Amino acid sequence: MKANSVSALLVLSAVVAASPTKRTVDTVYPYTGPDVPVGDWVDPTINGNGKGFPRLVEPPAVNPASANPTNNINVISLAYIPKGMNIHFQTPFGLGVAPSVAWGTSPKSLDKTATGISRTYDRTPPCSLVSAITQCSQFFHEVQITSLEPDTTYYYQIAAANGTTASEIECFTTAREAGDSKPFSIAVLNDMGYTNAAGTMRELQNAISDGIAFAWHGGDISYADDWYSGILPCESDWPVCYNGTSSELPGGVIDDQDYLKPLPAGEVPNQGGPLGGDMSVLYESNWDLWQQWTNSLTTKIPYMVMPGNHEASCAEFDGAKAELAAYLNQDRPNSTGNSTDYLTYYSCPPSQRNFTAYINRFKMPGDETGGVGNFWYSFDYGLAHFISIDGETDFAYSPEYPFLRDLKGDQTHPTEAETYPTDSGPFGAIDDNNWKSNAAYQQYQWLAADLGAVDRIKTPWIIAMSHRPMYSSETATYETDIREAFQGLMLEYGVDAYLSGHIHWYERMWPLTSSGAVDNASIINPNTYYTNAGVSMTHLINGMAGNIESHSELDGSPIAAKTAYLDTTHYGFNKVTFFNSTVMKFEFVLGLDGTVADELTLIKPTRTIAPTCDHNNCLRAAIGGSNPFTSFCATYTSTGATPSPTIPSYLANCDGSASKISSACSCLVTAV
């Protein structure tokens, strides 16, 4: 153990070790795998021996002043809190004192100081076993600066402590006040690891230069749990086979030339890539490297996240011959299991279960907005209210679930064999343990209260996101469960758009009703919809940021009628722009070259239309005309259409029909 790691342990009194969520890691049954799982049979070492898959290095957030630092600030990440900003930073060892930040409104006058808290977890391996101080994080620090002015730039510097180097003077801009009507743009992405994501990263950096306010990442962050991809042999049912010049990727197209690099000596064709796992062959190193890689984003704008399935634990599935179960359950590397060998909750080291890394490596405003930690929360920015939902746990029949659902008969705890590696939560309460009822979940109750409290005068737009989609051309049972949990509330309160990922492609739906039917009355053209509060909602899947698992495929199934646009070959992200209280736009920005592959404009009708009205193309055009059409109608109806005033160009869909125009005017004039 390194000397300064001992001193770090001695100062744990300054560390808040408790998780910000209620659920703890279960250790009823022992972990029986290797001390440190490494996904490389050629080089099964923590620090690498120069063989097998390469070990990557990404620069830390702060360049240490010493050539041989004993501690360092390796990650900095910003996140909104109400009327302020949370500054999260990570170090390999403790600080010995409470973390502190000097700040002010000028880089030349950091005349205020804010202090915060620290926490840690027993990561596998600990940073004391990692040779590179600048490539490991085990202590996580939160400093909140509150009572700030909206839409204002502040400057700050993280103080040095216990061997760290003070950060450069950085800056952030606070969120705009709810109701601020100035246009703004954000970046929305899902499913971003490292492999296949270089183009997306470059275009996100360009978007920051162009002024986006923040990034909203809807789960599957880093793909740390793909650390073992390089030890699973290729299988016909998996879309990726890395085999040098014979590599195979979805669609038969290799758009990442790294896949054509020869296999490292001794490695076999596998389900991974040129780096083994997504970035490394160790679970925790994947997290470290990905977070340091994204410092160029997270130090400049708030980076808001929510959970995905890849954050749950160290593993989701095994190879065809139980290669991973043999390794994690019995410490038998480069071996195979038998028909009774399978992964359980206890297959992962304790520090790699139950979203532990995700809980510690981010700080979202769940506690500050009535939600729970990094799992569900909301925030306002200008004309929009944003809602982050946990689509993995804490609702009826959620895809990742608590032991409560594993119990049989009068059991109070499941047997080891009855558990699954991604068993997780609940992170909120379940009334009377009634896990089959969505209304019993704290998350559902919070969502209802949050939606009910939205001021639609200040924030007319409501955008919600979780990791998993409600609808897609690729159908799955979880889509039904997500709809049962949240769709009713969202439609009831007029949520304008529901965003998701999980499926590794870009897919835009037509506006959909509660039954999944297309709301044709809300379609102006293939790239423009009206919002239709209480009736339909727009759905977009942004699962195409790029990761080692590459793209999803339909496998010969037809594109569903509910799908307006599907792209299964490009990587990128969604740029979302709010122009005013009635118009917003989504743009699918390609990581390839920054061009826009698809776009969707949402227009919010400024008047409620009488339910007896015929929602034809003429009326939809009239709604688009909004206030100008109201003025036109006043003249049109007062003259009885004779002599007829000049028909505005936006009423071309009325075909010059006096009856259609009169009907549309009547609908607006008598709107309820």
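Leaving aside its neighbours within four places in sequence, which residues is F386 in contact with? In this predicted model, F386 is in contact with F184, I186, F214, W216, Y377, S378, F379, Y381, I463 and F578, once those sequence neighbours are set aside.

## Nonpolar cores

F386 is also one of four residues, together with M192, F214 and W216, that touch the most other members of the largest nonpolar core. This core holds 146 residues. The element that gives the most to this core is α8, with seven residues.

Another core lies apart from the largest one and has twelve residues. Its members include C618, C633, L651 and C665.

## Salt bridges overall

A search of the whole structure finds 20 salt bridges. Some of these are linked: R123, E284, D288 and R361 form a network of salt bridges. Three further pairs are described below.

K604 and D496 form a salt bridge in which the closest N and O atoms are 2.5 Å apart. K604 lies in the loop between β23 (596-603) and α9 (617-638), and D496 in the loop between α8 (477-492) and β15 (497-500), so the pair ties together parts that are 108 residues apart in sequence.

Are K604 and D496 buried or exposed? Buried means under 20% relative accessible area. K604 counts as buried because its relative accessibility is 13%. D496 is buried as well, with a relative accessible area of 5%.

K408 and E418 meet through their side chains in a salt bridge, at 3.8 Å from N to O. Both K408 and E418 lie in the loop between β13 (384-388) and α7 (442-452), so this pair ties together parts that are ten residues apart in sequence. K408 is exposed, at 51% relative accessible area, a value that falls over the 50% cut-off. E418 counts as partly exposed, at 23% relative accessibility.

D111 and K112 form another salt bridge, with the closest N and O atoms 3.4 Å apart. D111 counts as exposed, since its relative accessibility is 54%. K112 is partly exposed, with a relative accessible area of 38%.

Note on methods. Residues are numbered from 1 along each chain as its sequence is written. This is a predicted model: local features need pLDDT of at least 70, side-chain atom pairs count only at pLDDT 80 or more; totals for chains, interfaces and linings use all residues. Side-chain values use heavy atoms; hydrogens and water are left out. A salt bridge is a side-chain nitrogen of Lys or Arg within 4 Å of a carboxyl oxygen of Asp or Glu. Buried means under 20% relative accessible area, exposed over 50%, partly exposed in between (1.4 Å probe, protein chains only). Helices (H or I, at least four residues) and strands (E, at least two) are DSSP runs, numbered from the N terminus. A nonpolar core is a set of buried Ala, Val, Leu, Ile, Met, Phe, Trp, Tyr and Cys residues joined through side-chain atoms within 4.5 Å. Contact means heavy atoms within 4.5 Å.
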